[in-house]
Amino acid sequence: MAKYEPLVRYLRRQKSTEVELSFRDIERIVGGFLPKASNNLLWWRAEDAASAQPQQRAFAQSGFSPLPELRAERVRFVRAAVAAAAGNSAQSG
């Protein structure tokens, strides 16, 4: 996860509930290129904590959930509490 630690720190400093970053923005923040696998939704989302990859653990530690838009090469990070509340209201509605 060390590679993604700068992204964790960046996201934790954000005041808003959503942060949108391009892949290039993320690469600047982490100081390196994203792998080719980042063009796959599975790279961004962990099915469960036990199988999470380093970048997925970093997103979780930051308190944000990534919502990638692969064609646009950008990611909208939503605070995990906000994302969970939106999911719960959609399920109960």
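Reader: What relative accessibility does Glu18 have, and what does it count as?
Author: Glu18 has a relative accessibility of 39%, so it counts as partly exposed, a class lying between buried (under 20% relative accessible area) and exposed (over 50%), with a 1.4 Å probe and protein chains only. This is a predicted model, in which local features need pLDDT of at least 70 and side-chain atom pairs count only at pLDDT 80 or more, whereas totals for chains, interfaces and linings use all residues. Residues are numbered from 1 along each chain as its sequence is written, and side-chain values use heavy atoms, with hydrogens and water left out.

Reader: Which side chain does Glu18 meet in a salt bridge?
Author: The partner is Arg76, at 3.3 Å from N to O, where a salt bridge means a side-chain nitrogen of Lys or Arg within 4 Å of a carboxyl oxygen of Asp or Glu. The two belong to distant parts of the chain, since Glu18 is in strand 1 and Arg76 in strand 3, 58 residues apart; helices (H or I, at least four residues) and strands (E, at least two) are DSSP runs numbered from the N terminus. Arg76, at 28% relative accessibility, is partly exposed.

Reader: And how many salt bridges are there in the whole structure?
Author: The search finds four. Among them, Arg74 pairs with Glu20, with the closest N and O atoms 3.3 Å apart, and because Arg74 lies in strand 3 and Glu20 in strand 1, this pair ties together parts that are 54 residues apart in sequence.

Reader: Which face of strand 2 is Glu69 on, covered or uncovered?
Author: Glu69 is on the uncovered face of strand 2 (residues 64-69), together with Ser65 and Leu67, while Phe64, Pro66 and Pro68 make up the covered face. In a regular strand, side chains alternate between the two faces of the sheet.

Reader: How does strand 2 run relative to strand 3?
Author: The two run antiparallel and are joined by six bridges, where DSSP must find at least two bridges for strands to pair. Ser65 stands opposite Val78 of strand 3, and the two strands form a hairpin with four residues between them, in whose turn Glu73 has a positive phi of about 55 degrees.

Reader: Switching to the inside, which residues have the most contacts within the largest nonpolar core?
Author: They are Leu7, Ile26, Leu34, Trp44 and Phe77, in a core of 17 residues; such a core is a set of buried Ala, Val, Leu, Ile, Met, Phe, Trp, Tyr and Cys residues joined through side-chain atoms within 4.5 Å. Trp44 touches, among others beyond four places away in sequence, Phe23, Gln56, Phe59 and Val75, a contact being heavy atoms within 4.5 Å.

Reader: Where is Gln56, and is it buried or exposed?
Author: Gln56 is in helix 4 and counts as buried at 8% relative accessibility. A polar atom of the Gln56 side chain lies 2.9 Å from the backbone oxygen of Leu42, and the side chain reaches the backbone oxygen of Trp43 at 3.3 Å.

Reader: Where is confidence lowest in the chain?
Author: Confidence is lowest in helix 5 (residues 80-92), with a mean of 63, and highest in helix 2, at 98. The mean pLDDT of the chain is 88, and 82% of its residues reach 70 or more, pLDDT being the predictor's confidence in each residue from 0 to 100.

Notes. A polar contact is a pair of N or O atoms within 3.5 Å; within protein, one must be able to donate a hydrogen and the other to accept it, and residues adjacent in sequence count only if both atoms are side-chain atoms.
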